[in-house]
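Hi,

Here is the structure I promised to pass on.

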Amino acid sequence: MRSVIYPGSFDPITNGHLDVIVRALALFDQVIVAVGDNPEKESLFTTDEKMAMIRTATQDLAHVEVDHFSGLLVDNAREKGACAIIRGLRALSDFEHEFQMALMNRHMEPDITTVFLMPHARYTHLNSTIIREVASLGRDVSEFVPPIVNDYLKKKFGHG
Ligand code: ADP
């Protein structure tokens, strides 16, 4: 069975992330969506909240597992038996950082390959930061996020 790990902050998961998950499912037998616990990165949602949103957003997709990790991604990927790491590429601005990480990860774990997937063009401008900003100002973001995320955002910002 070929498992792939899709790591990220997912603060919160957006339709762009979901698009990447669906594409990954067409290529691999199982996709492990892994929320990174990064104490240095301030986040709006807790890891538990992020995982709950991802679970609900992916409940109709078979072969998706939701997990979290701290420490090195490649160590976690190896422990989980993943043969690859999925990352989404939206714009050229993603490239430099992703390229560095992919090469460092390959240096540490030569058997784990990083695979880059491009979302549908309609999601290339989407990121969690902009969703948080717009939602915090009371605007509707329902066309960009799964319904469960919309509910969590409304509750978080007291607009619901
Ligand atoms: P990070 O904080 O590590 O960038 P994110 O949660 O922002 O984590 O994203 C996780 C992964 O999903 C990254 O590879 C990122 O490029 C990708 N991603 C984020 N938003 C989108 C999107 N709209 N379309 C495709 N990929 C995306």
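This is a predicted model: local features need pLDDT of at least 70, side-chain atom pairs count only at pLDDT 80 or more; totals for chains, interfaces and linings use all residues.

**Charged pairs and overall build**

D19 counts as buried, at 12% relative accessibility (buried is under 20% relative accessible area, exposed over 50%, partly exposed in between, with a 1.4 Å probe and protein chains only). Its salt-bridge partner is R23, with the closest N and O atoms 2.6 Å apart; a salt bridge here is a side-chain nitrogen of Lys or Arg within 4 Å of a carboxyl oxygen of Asp or Glu. R23 is partly exposed at 33%.

Residues are numbered from 1 along each chain as its sequence is written, and side-chain values use heavy atoms, leaving out hydrogens and water.

By that rule there are 8 salt bridges. Another one links K156 and E49 (3.3 Å, N to O). K156 is in helix α6 (residues 147-157) and E49 in helix α2 (residues 47-57), so this pair ties together parts 107 residues apart in sequence.

As for the whole protein, you'll find 6 helices and 5 strands (DSSP runs, H or I of at least four residues for helices, E of at least two for strands, numbered from the N terminus). Their order along the sequence is β-α-β-α-β-α-β-α-β-α-α. Of the 160 residues, 43% count as buried.

Cheers
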